[in-house]
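Hi everyone, thanks for making time. Please have the sequence and the model open while I talk.

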Amino acid sequence: MAPTPHSHAPAPVGRPLDLALQGGGSHGAFTWGVLDALLEDGTMAMDGVSGTSAGAMNAAVLATGMAQGGAAGARQALRSFWQAVSGVPSVFGMMGEVSPSPDAAGAHAPPPWIYNRNAWPAAVAWDAWLRLWSPYQLNPFNLDPLRDIVRHHVDEDALRKGPIKVFVTATSVRTGQPRVFSDGDLSIEALMASACLPRSAQTVVIDGEPFWDGGFSGNPSLWPLVYGTQTDDVLLVQINPREHDAIPKTAAEIDDRINEITFNASLVAELRAIAFVQRLLRDRRVDPSHYKAMRLHRVADEAGLAPFGASSKLNTDWRLLTTLFELGRGAAQRWLASCGQKVGQESTLDIGEVFLANRVHKGAGEAGDKPLPL
């Protein structure tokens, strides 16, 4: 049963802010923590939210809770959603999860590696066997526990008419291009399309068009926030690591790094375009009335998330989810303290330094970290 519709809450009050939420399976619990801290702080008025995969789920539950109960309702809705996700095998992939027992962990707060599937030989062998088959062969009836959870926690009417404007990205299988669902196009199926990993779930077909996970083409898509809202400030919540120091050597490590690079590539491309337009605006080479002078911000904790490998994105153990939640809350609180007052005034994210710098390690005496030309 879907949530019972309520009269929509009034639009939030505070400094207008758009949100861009990356996908990443159970690592979306980090974003849950970020949203919880922002809602508790209450100084930001969330205008538009663009999300992909787990980011889309967070966006949809946020919009549902906000429409039905304001900030407090949104915080409770997000917690209820992630509680429903916890411990359910195969929510974020057909390969399921590895849930360490207290005895195996040796403590109530087990070390991060415990949650990485590729740290468990039996799980690695099981995953390798599963890759020999498609979801059509292994799951012919297309059973999907995530769809059932989403139906219970997302109100489609709130997505379409609530105080927060929601944008959800999926990837067209036919063209490889992103499809952004918004307004009347938003639905439970659009959310499932955004989270459809082709090795784990059957392709989601909407109006005759097949879709896979939005992370392949927009993780998340930023351009809907450029053209679809009046707000100039965008906060990116990033959960996919930019850099990886060690050389991947095992098959699992190689797959994990390919996943990380692939799911950041579209974001970097969009940020490069935004940086280029910002430069043209600064140099007065374009008409400012035709272009949006965006102010960009970023919440991330790459050091905190680093021990949790890409394979842990399939694990929904409640201890992992709450650990990620606390990491997200902490990162958001630090951002609010250091950058919150700058929203509406200036960017706190240097795109060139954070995303476009040449970070290839140099020999002694050679220059590094030089921003690439726009």
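I'll start with confidence, then go through a strand, a helix and a few single residues.

First, some ground rules: this is a predicted model, and local features need pLDDT of at least 70, side-chain atom pairs count only at pLDDT 80 or more, while totals for chains, interfaces and linings use all residues. Residues are numbered from 1 along each chain as its sequence is written, and side-chain values use heavy atoms, with hydrogens and water left out.

So, confidence. pLDDT is the predictor's confidence in each residue, from 0 to 100. The protein chain has a mean pLDDT of 85, and 85% of its residues reach 70 or more. Where is confidence lowest, and where highest? The lowest is helix α3, residues 102-105, with a mean of 44, and the highest is α1, at 98. Residues 1-7 have pLDDT below 50, and that stretch has 16 contacts in the model beyond near neighbours in sequence; contact here means heavy atoms within 4.5 Å. Residues 101-107 also stay under 50, with 7 contacts beyond four places in sequence. Where pLDDT is low, the predicted coordinates should not be read in detail.

Now find strand β7, residues 233-237. Helices (H or I, at least four residues) and strands (E, at least two) are DSSP runs, numbered from the N terminus. In β7, 5 of its 5 residues are buried, meaning under 20% relative accessible area, where exposed is over 50% and partly exposed is in between, using a 1.4 Å probe and protein chains only. Asp-233, Leu-235 and Val-237 cover one side, with Val-234 and Leu-236 on the other.

What does β7 pair with? Two strands pair if DSSP finds at least two bridges between them. Strand β1, residues 15-21, runs parallel to β7 and is joined to it by 4 bridges; Ala-20 has Leu-236 as its bridge partner. With strand β8, residues 295-299, β7 pairs in the parallel sense over 5 bridges, and there Val-234 stands opposite Leu-296.

Next, helix α1, residues 28-41, the one with the highest confidence. Its 14 residues reach 20 Å from first C-alpha to last, close to the expected 20 Å at 1.5 Å a residue; the expected span is 1.5 Å times one less than the number of residues. Is α1 enclosed or open? It is largely enclosed by the rest of the structure, because 12 of its 14 residues are buried. Phe-30 and Trp-32 are among them. Just after α1, Gly-42 takes a positive phi of about 75°.

Leaving aside neighbours within four places in sequence, Asp-301 is in contact with Phe-30, Leu-327, Ala-331 and Arg-334. Asp-301 counts as buried because its relative accessibility is 15%. A polar atom of its side chain lies 2.8 Å from the backbone nitrogen of Gly-304.

Last stop: Arg-242, in the loop between β7 and α10. At 25% relative accessibility, Arg-242 counts as partly exposed. Its side chain makes a polar contact of 2.6 Å with that of Glu-302; a polar contact is a pair of N or O atoms within 3.5 Å, where within protein one must be able to donate a hydrogen and the other to accept it, and residues adjacent in sequence count only if both atoms are side-chain atoms. The side chain of Arg-242 also reaches the backbone oxygen of Val-354 at 2.5 Å, although the two residues are 112 apart in sequence.
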